[in-house]
Structures are given as C-alpha cells and as structure tokens.
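Subject: Structure handover and notes

Hello,

Please find the structure below. My notes on what was found in it follow directly after.

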Amino acid sequence: HGMIHPYNLQLLTYGYFHRQEDGTVPRLTFHIVSTKNREAEDLEIKLDVEAYEKWLDLRLDELVEEVRIAEKRAARRRKLSENLVFPFSQPRSGQKELIRSIEEGMVAKTRMLIQAPTGLGKTVGTLYPSLKEALARGQKVIYVTPKNSQHSVAEDALDRIEEAGASVKSLTITAKSKICFKNEPLCNPEYCEYARNYYGKVHEEGLVAKLAKKRKLRTKTFQEMGEKYEVCPFELQLDAAAEADTVICDYNYVFAPRSALGRLAAPGIDQDGKPNLVIDEAHNLPARAMDYYSPSLSTWVLERMREDVALIPKRFQADVEMLLDECVQTVIACRPEGESKPSKIKAPAGSFRTQDESLRSFLSRYLEGQDEFQPGDVVLRLTRYWSEFTETLQYVQEGDRKEFFTTFHPMPSGGMVKITCCDASEMLEACYDEYDQVVAFSATLKPFEYYARLSGLKPESIKTEEFQSPFPPENRKVLIIPQISTKYSDRERNYGKIADAIRRISDVRKGNYFAFFPSFDFMERVFQCFDPPENSVLIRQEREMRLPQVEAVIEQLRSGGAPTLVFAVQGGVFSEGVDYPGDMVIGAFVVGPPLPSFDLEREQMRDYYQKEYGAGFDYAYAFPAMSKAIQAAGRVIRSETDRGLIVMLDQRFLQPSYSRSMPAGWFAQHPNELVSDRIIAEVTAFWSSPS
C-alpha cells in the first residue's frame with residue numbers, strides 16, 4: 001500500500017520524531033505475526049525524509065483547515081442556541097414544567113430520570129432544552145431509541161424545531177446490516193470495494209464537506225453518495241456525525257460493547273465539555289443492556305449451520321464440518337456429569353478460547369481470495385457466534401464478576417451453555433462518562449429507584465420527576481377486576497371468565513379495542529372460547545408478524561369500519577411504540593401482569609437482586625412485568641380529545657409490588673379505588689357522560 005497506509009504512516013512518524021530529536025535516521029521495522037501458524041517476520045521500512053516531509057506539510061495544511069471548520073461549526077452552534085425557540089407558541093399543560101425541570105437539572109449538572117405520559121409532548125419537551133444547552137457549548141445531542149422504527153418520533157420533533165426557524169443539522173444512523181451494499185457487512189478492504197481506500201476517496205472527493213451542506217441526513221443520502229463514489233455508506237454516516245447537531249440512533253451505538261459511536265464523544269476544537277445524551281423509552285434500557293452481555297451457545301444452532309456448509313466453496317467444506325464438530329463437543333463438555341436439568345456451572349474459558357483461535361485462524365485463510373460471499377455466510381456466522389460468547393466469558397471470569405452467572409441446559413442432541421447478566425449498571429455508568437448531560441425519559445419509569453439502579457444512575461444523586469397526564473381525568477376510566485386470576489394454577493378456570501368480561505365490557509360501546517395477554521399460549525386459550533359480537537372484526541397477533549401484516553392491522557383500526565377487537569401480547573409489536581390516536585382504539589384490556597418465566601436464570605437473578613438491593617421478587621418479576629402492562633394500558637389515551645377505557649384483569653394489580661408502578665393520577669391513595677361492584681353500570685355511565 002506504500003506510504004499512505006495508516007500503519008505505515010504511524011511508523012514513519014515515530015521514526016521522523018526520533019530523527020528530529022536525535023539527528024539520526026533510525027531503522028524502522030514491522031514485526032508481523034501470522035494468525036495461521038504464529039510464524040513471524042520483520043519487514044523493514046525506509047524513512048525517506050524528503051517524501052515524509054512533503055506528506056507532513058500536506059497533512060498539517062489539512063489539519064489547519066479542519067480546525068477552521070471546527071471553529072466555524074462551534075460558532076454556528078452557539079449562535080443557533082441563542083436563536084433556538086420552542087416550536088409551539090402554546091406548550092401543552094405540563095410541557096412547560098417539563099422543560100423547566102430539565103433546564104434546572106442541567107444547571108445543576110444532574111443526570112435525570114423523567115416519567116411523562118404519552119400525549120404530554122415529552123419528545124420535543126426533552127429534546128429542545130437538551131439541544132439548546134448543548135449548542136450553547138458548541139456541542140451536539142446524541143438521541144438514542146431502543147428500535148430503529150422509533151427514530152421517526154425524534155425526527156418529527158426536529159422538523160418542528162426547524163419549522164420554527166432553527167437550521168438544525170440532524171443525522172439518523174441506519175444499522176450497518178441494513179445500509180451495507182454487500183451480501184455480508186464484512187469491512188475488509190480486500191473483500192469490499194467500498195472499504196478499499198475509503199479515507200483516500202472521501203478526502204479526494206471532499207465528501208465530508210458535501211455532507212456538511214445538507215440539513216437532514218437520512219439513509220438515501222448515504223446510499224446515493226456511497227454508490228456514486230464507491231465508499232462505505234455506514235462509515236460515511238459516522239464521518240458526517242461530526243457536523244450534525246443531533247444524531248439519532250439505536251441504543252447499540254452508545255451502550256453495546258465496542259460501540260461504533262465512541263469517537264463521537266471525543267473533545268472537539270472550541271467546544272466546551274462533551275455531547276448531551278437523551279435516552280428515549282428508557283424503561284427498555286436495563287433489559288437491553290443485560291442482553292448485550294448475555295450470549296449463549298447452543299448445539300442445536302451449531303447443528304443447523306451444517307445445512308449451509310454446502311453453499312461455501314467445496315475446498316473448505318470438510319474443514320468447516322470438522323470445526324463444527326469441535327464446537328459441538330466443546331459445548332457438550334460443559335454438561336455436569338449425570339445432570340439432566342438446567343444447572344449453574346463454571347464454564348472452561350480456556351477450551352472456548354482455544355476453539356475461538358482455531359476459528360479465527362481458519363477465517364483468515366477462508367477470506368483470502370474470496371470476491372463475494374453468500375448472505376449469512378456460515379463461516380462468518382459461526383465465527384461471530386463463537387467469538388461473542390468467548391469474549392464475554394473471558395470478561396466475566398477474569399473480573400470475577402458477581403452480576404454474571406453461567407448455566408448449562410441439556411437438550412436431546414446436546415445442550416446450551418448460557419451467560420446471564422443480572423445487572424449491567426456498571427457498564428452503563430461507564431458509558432455516561434462520555435457525555436455531559438444525561439436525560440432518560442419514558443412513560444413507565446416507576447419505581448424510580450429500580451430503573452435508576454439497573455440503568456447505572458445512582459438513585460441518591462440523580463434528579464427524578466413524574467409528570468401527570470395533561471388531559472382531563474374524566475376522559476379516562478381505569479378499572480381493576482380482582483375477581484379474575486391469571487395465576488398459572490388458576491388459568492384453566494378463568495379463560496372463560498376473561499372472554500366473557502372482554503365481550504360484555506366492549507359491548508357497552510362499539511369501537512376498537514385491544515386485549516393484551518401475558519403470552520401467546522394464554523391468548524390462544526382465551527381466543528378459542530371467545531364469542532365475537534356480530535358485525536365485528538376479531539384479529540389475533542401472530543408469533544412472527546412481518547411489518548406489512550402489522551401495518552395491515554393498524555390500517556384496519558384507522559379505517560373506521562366495523563368495530564375491531566385485537567388480541568395481542570404485552571411487550572409485543574402492538575403494545576409499545578405505536579400510537580392509536582382518536583377513535584383508532586377506545587379501550588384496552590390488560591390481562592394479568594406478564595411475569596417472566598419461572599426458571600433457573602430468573603431465580604438466580606432473584607437471588608442476586610435480593611442480596612444487592614433487598615428486593616428479589618420485585619426486581620426479577622414484578623417490576624419488569626408491570627413495565628409491559630403499563631405500556632400496554634398507555635395505548636389508549638394519546639391526544640387531548642381522546643376518551644378511553646383501561647381494564648386491568650387480575651387481583652395482583654392491587655398488591656404494592658405491582659401498584660407501585662402505576663402512574664400518578666390513576667388513584668389517589670390505594671388501587672382499591674379502581675375496583676367496582678357495578679362494572680357494566682360504571683362503564684355505561686363513563687361512555688354516556690359528556691366529553
């Protein structure tokens with residue numbers, strides 16, 4: 001690659017520094033070690049002082065220009081902050097208080113956990129003060145959501161701010177797997193022409209400057225530029241992020257191990273402090289972060305990979321079969337002797353590391369000379385699958401970390417070894433150090449101490465605040481029906497009661513309703529004994545619904561046609577992150593708290609939470625279940641004029657472990673206030689009362 005290769009330039013720079021200080025030209029060598037056979041050789045590099053200084057002069061000129069651009073960027077942001085105005089002349093009730101609360105927290109430099117109901121306008125109410133404060137320091141805002149599909153809410157808020165006269169530059173990052181031009185997102189210059197000489201092409205064509213002129217940066221822009229100049233569209237996104245005032249992305253880019261956005265938080269020229277971080281739907285963060293550190297290896301998954309071995313070049317097939325055999329045996333060797341049930345183990349990290357080295361060694365040979373790979377190439381898939389587990393296992397055992405444990409689950413054809421992270425708070429806390437202000441918000445963040453602790457935000461040193469719904473309380477009717485039990489031991493005799501309650505209550509006023517269940521199996525049993533009203537539509541959520549199917553259901557609700565009842569699951573595609581304004585949905589039945597499965601992992605988590613926080617059952621079962629239940633209930637009231645009915649079916653909703661998660665305003669003193677002995681009469685009166 002000659003002198004322009006970054007490694008080569010690094011070595012030449014060391015040599016040039018030595019010459020400047022010592023007056024002699026040193027001998028420069030690369031010590032190269034083969035990953036295949038550990039053979040090593042020294043490659044000598046000659047320092048051509050005249051050629052290096054010619055390159056250095058050009059690079060210094062570039063750095064001066066980069067500094068000028070950075071100074072202009074910081075000045076533009078500070079001026080923008082002075083002129084940034086809230087995009088609505090009349091903020092909603094509670095929205096003004098939300099903004100003031102966040103501004104006060106920022107002055108005090110306190111991390112914040114904010115619960116605000118849907119309909120308050122919490123996205124723009126949170127983004128506006130966070131952006132204004134960051135821009136005043138010449139900085140940016142990183143806005144993260146748990147799913148790519150939720151980016152549009154933040155984009156809409158920014159559109160509003162721009163329409164009010166602010167030229168805010170925004171960037172939405174699309175996942176590498178979705179934006180990559182190749183069958184496999186393998187960033188190897190020898191395989192990918194879009195990675196080959198990427199930095200050279202970006203510099204020669206002035207692509208960063210071209211991107212800096214655009215106000216909104218979306219997927220289409222990067223794909224078009226990537227194709228035109230043959231550069232990686234994903235890397236272009238990260239390069240464009242320096243100029244963006246707001247970067248919208250998935251949690252992965254901030255919280256996952258080896259985050260791609262780490263370089264965004266680096267201090268810049270003429271900037272004060274670090275970027276601000278805004279975390280949307282923050283109730284998802286603890287579980288999502290635990291998942292990042294909870295990989296597994298299953299012999300069933302490994303055996304399924306054999307089906308794809310025939311798709312790779314024939315000369316590699318025997319080696320891959322042998323590697324799969326070794327991987328399967330390494331997993332099976334973890335099984336405790338004579339144990340037929342899932343059990344806690346100490347996995348042999350050395351065995352997994354040895355196998356990981358074998359896979360990596362083979363991979364380097366496999367990649368040589370390959371021009372194209374099939375989508376989901378089995379060798380790449382196997383190597384990633386194994387490496388993710390091995391890296392986490394090594395991290396856990398070297399640190400002797402008590403918040404992790406490893407289990408083995410026997411299977412007919414082998415088994416599964418799994419690492420479970422009970423608490424990712426320490427890792428999350430380290431992520432926050434890259435940001436000045438941290439604002440996490442959601443409609444479901446109670447109890448605050450639970451979400452604070454498991455999100456890496458110390459309860460004693462953060463600002464927490466709950467905002468109530470800005471809409472008239474008489475527009476919402478909440479009922480708890482404790483006569484129904486959804487406990488596992490009681491389910492058989494309650495399926496019919498649940499079906500009857502849903503039918504009778506939804507009959508009072510025709511319209512669209514959701515019935516949210518704890519699981520698909522539970523939903524199916526009630527569905528079988530449900531007698532739908534005449535001239536109505538009954539829809540059931542499927543286990544693997546594709547986006548067009550989901551959109552078809554939403555369109556049915558929007559159409560205003562026949563009254564529609566949708567049977568769905570709590571925590572599913574219909575119960576979070578979807579709006580049903582107006583008459584799209586007028587009522588929701590929340591059937592029982594969706595408690596996590598009672599299994600070895602969950603019981604180990606309960607033990608950990610009991611020892612660490614003195615709240616084993618609540619942390620392991622009750623609070624995660626109530627997060628899903630309250631999210632499902634929150635689908636009903638979405639705008640000022642909405643009227644809606646929320647019916648919670650289970651006696652457990654009256655217990656403190658569950659009622660502590662309910663929003664302020666549902667009841668005054670005790671959830672018993674939501675119990676009625678005249679259910680149909682009260683529902684009838686609610687729908688009959690003037691809006």
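Arg-643 lies over the face of Phe-686, 4.6 Å from the ring centre. A second case is Arg-540, whose charged end sits over the ring of Phe-527 at 4.1 Å from its centre. The rule is that NZ of Lys or CZ of Arg is within 6 Å of the ring centre and within 35 degrees of the ring normal.

On provenance: this is a predicted model, in which local features need pLDDT of at least 70 and side-chain atom pairs count only at pLDDT 80 or more, while totals for chains, interfaces and linings use all residues. Residues are numbered from 1 along each chain as its sequence is written, and side-chain values use heavy atoms, with hydrogens and water left out.

Aromatic pairs. Rings of Phe, Tyr and Trp (its six-membered ring) pair if their centres lie within 6.5 Å; planes under 30 degrees apart count as stacked, over 60 as edge-to-face and the rest as tilted. By this rule the count is 39 aromatic pairs. One of them, Phe-514 with Phe-574, is tilted, at 5.9 Å centre to centre and 35° between the planes. Phe-514 is in strand β16 and Phe-574 in the loop between β18 (564-569) and β19 (587-591), so the pair links parts of the chain 60 residues apart. Helices (H or I, at least four residues) and strands (E, at least two) are DSSP runs, numbered from the N terminus. Both Phe-514 and Phe-574 are buried, where buried means under 20% relative accessible area, exposed over 50% and partly exposed in between (1.4 Å probe, protein chains only).

The rings of Phe-598 and Tyr-621 are stacked, with centres 6.4 Å apart and planes at 25°. Phe-598 lies in the loop between β19 and α22 (600-613) and Tyr-621 in helix α23 (residues 616-633), so this pair ties together parts 23 residues apart in sequence. Phe-598 counts as exposed at 64% relative accessibility, whereas Tyr-621 counts as buried at 3%. Ring pairs also link Tyr-450, Tyr-451, Tyr-608, Tyr-609, Tyr-613, Tyr-619 and Phe-623 into a cluster.

Strand β16. Ala-515 is found in this strand (residues 513-517) and is buried, with a relative accessible area of 0%. Its C-alpha atom is separated by 4.9 Å from that of Phe-567, 52 residues apart along the chain. Leaving out residues up to four places away in sequence, Ala-515 touches Ile-502, Leu-565, Val-566, Phe-567, Ala-568 and Phe-589; contact means heavy atoms within 4.5 Å.

The sheet. Eight strands form an open sheet with parallel pairing, in the order β6-β5-β7-β4-β8-β13-β3-β14. Its edge strands, each pairing on one side only, are β6 (216-217) and β14 (463-466). Two strands pair if DSSP finds at least two bridges between them. Strand β4 (residues 141-145) is joined to β8 by four bridges, among them Tyr-143 to Val-278. Three bridges join β8 to strand β13 (residues 438-442), and the partner of Leu-277 in β13 is Val-438. In a regular strand the side chains alternate between the two faces of the sheet. Both faces of β8 (residues 276-279) are covered: Asn-276 and Val-278 on one side, and Leu-277 and Ile-279 on the other, are all buried.

Regards
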